Amino acid sequence: MNSVYRDEKAQVAVRRWCEDRIAAWGVPHVRGEIPTSAGATAFVTVGPEPRGDGPAVVLLPGTNMNAALCLPLVEELARRRRVTVLDLPGQPGLSAGGRPRARRLDWYGKWLAEALAEAVPGPAVTVGHSLGAAVALGCASPRIAGRVLLSSAGVVRLRVPARLMAATVPWLLRPSPARSTALLRHMTAPGCPVPQQLDTWMDLVARSCRTSLAPPPLPSAVLDRRRSVPALAAVGRFDPFLPPGVLGPAVRRHLGAEFRVIEGAGHLLPDEAPGEVSAMVEEFCAAVVKG
């Protein structure tokens, strides 16, 4: 196991940033921690109790993200559903910082099954973004009643265009808010402002953490087995890592899932289009209940 954090001081700085942001959130919520084989897992739960056999929503953030960064989307989702956000272990946030050097999606799949059993009573629709979507696909838990996959890793290998790599290297080697903003502009749709707080956060991540690479695609046999559970995939029209023309055919071929393109968005769907994502998740959850 190695740690996402450069040192203990860096971990303290990241935890303080996340705790302060959640504490300042004006929405009633429950924050807690559960034990798993991957270490302590932090969660935030908000919204009404599930009605009847309706599923709860479990949100799984992407690389370098966590509950503290997802609050606008969580607030939208929680208007109709019980929502639990899990901070992924091995990513910057409030969960344990350790992660294995190999076979991470197997490790994450086991972790998610344990976390669902501890934190979510009953069926759940997992809503995963990027790495979080790959984690959802890597998990075979019977608690999962459906999967919403946003800019999903784990299906095809992510692309890194030269212009994005040219912005990433300075961000890693000489972090600053300006370099974070420059990087984030390549991840969002053209002309759209960088989502609030993300430039400050990504500057802290570059200074404090060892960022991880995107996971490779899951084996075809694993993806084929996921066809037994309903899934809906979506990607932003301007996603530089997962262009719709590449991700869409792979999603249909491997998962047999419906695929949607969200106009006016890039890779950061939870930040760029929280209203559209929330409406899509609610529609999906209602369809899962109807069967």
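Trainee: So a cavity is a set of points, on a 1 Å grid over the protein atoms alone, where a 1.4 Å probe fits but cannot get out; how many cavities of 30 Å³ or more does a search of the whole structure find?

Mentor: The search of the whole structure finds 2 cavities of 30 Å³ or more. Keep in mind that this is a predicted model, where local features need pLDDT of at least 70 and side-chain atom pairs pLDDT 80 or more, while totals for chains, interfaces and linings use all residues. Residues are numbered from 1 along each chain as its sequence is written, and side-chain values use heavy atoms, without hydrogens or water.

Trainee: What is the volume of the largest cavity?

Mentor: The largest cavity has a volume of about 60 Å³, where volume is the space filled by probe spheres set on the points, which are joined across faces, edges and corners.

Trainee: And which residues line the largest cavity?

Mentor: Lining residues have an atom within 4 Å of a point, and for the largest cavity they are Pro-61, Gly-62, Met-65, Leu-69, Cys-70, His-129, Leu-268, Pro-270 and Asp-271.

Trainee: How much space lies in the second largest cavity, and which residues line it?

Mentor: The second largest cavity holds about 30 Å³ of space, and its lining is made up of Val-57, Glu-76, Leu-77, Arg-80, Arg-81, Ser-278, Val-281 and Glu-282.

Trainee: Which helix gives the most to the lining of the second largest cavity?

Mentor: That is α11, which gives 3 residues to the lining of the second largest cavity; α2 (71-77) and α11 (274-290) each supply at least two residues there. Helices (H or I, at least four residues) and strands (E, at least two) are DSSP runs, numbered from the N terminus.

Trainee: Switching topic, how many salt bridges are there in the whole structure?

Mentor: The search finds 10 salt bridges in the whole structure, each being a side-chain nitrogen of Lys or Arg within 4 Å of a carboxyl oxygen of Asp or Glu. One of them joins the side chains of Glu-19 and Arg-15, at 3.6 Å from N to O.

Trainee: How far apart are Glu-19 and Arg-15 in their helix?

Mentor: Both belong to helix α1 (residues 8-23), where they are 4 residues apart, so about one helical turn separates them.

Trainee: Which residues are linked with Arg-15 in a network of salt bridges?

Mentor: Arg-15 is linked with Glu-19 and Arg-31 in a network of salt bridges.

Trainee: Okay, and which residue forms a salt bridge with Glu-283?

Mentor: Glu-283 pairs with Arg-260, and their closest N and O atoms are 2.8 Å apart. Glu-283 sits in helix α11 and Arg-260 in strand β10 (residues 258-262), so this pair ties together parts that lie 23 residues apart in sequence. The side chain of Arg-260 also meets that of Glu-258 in a salt bridge, at 2.9 Å from N to O.

Trainee: Last one: where is Val-160?

Mentor: Val-160 is placed in the loop between β8 (144-150) and α5 (162-173), and at 44% relative accessibility Val-160 counts as partly exposed.

Key. 1 Å grid on protein atoms, 1.4 Å probe; cavity = no way out; pocket = protein on both sides within 12 Å on 5 of 7 lines; lining within 4 Å. Buried < 20%, exposed > 50% of the residue type's maximum accessible area, 1.4 Å probe, protein only.
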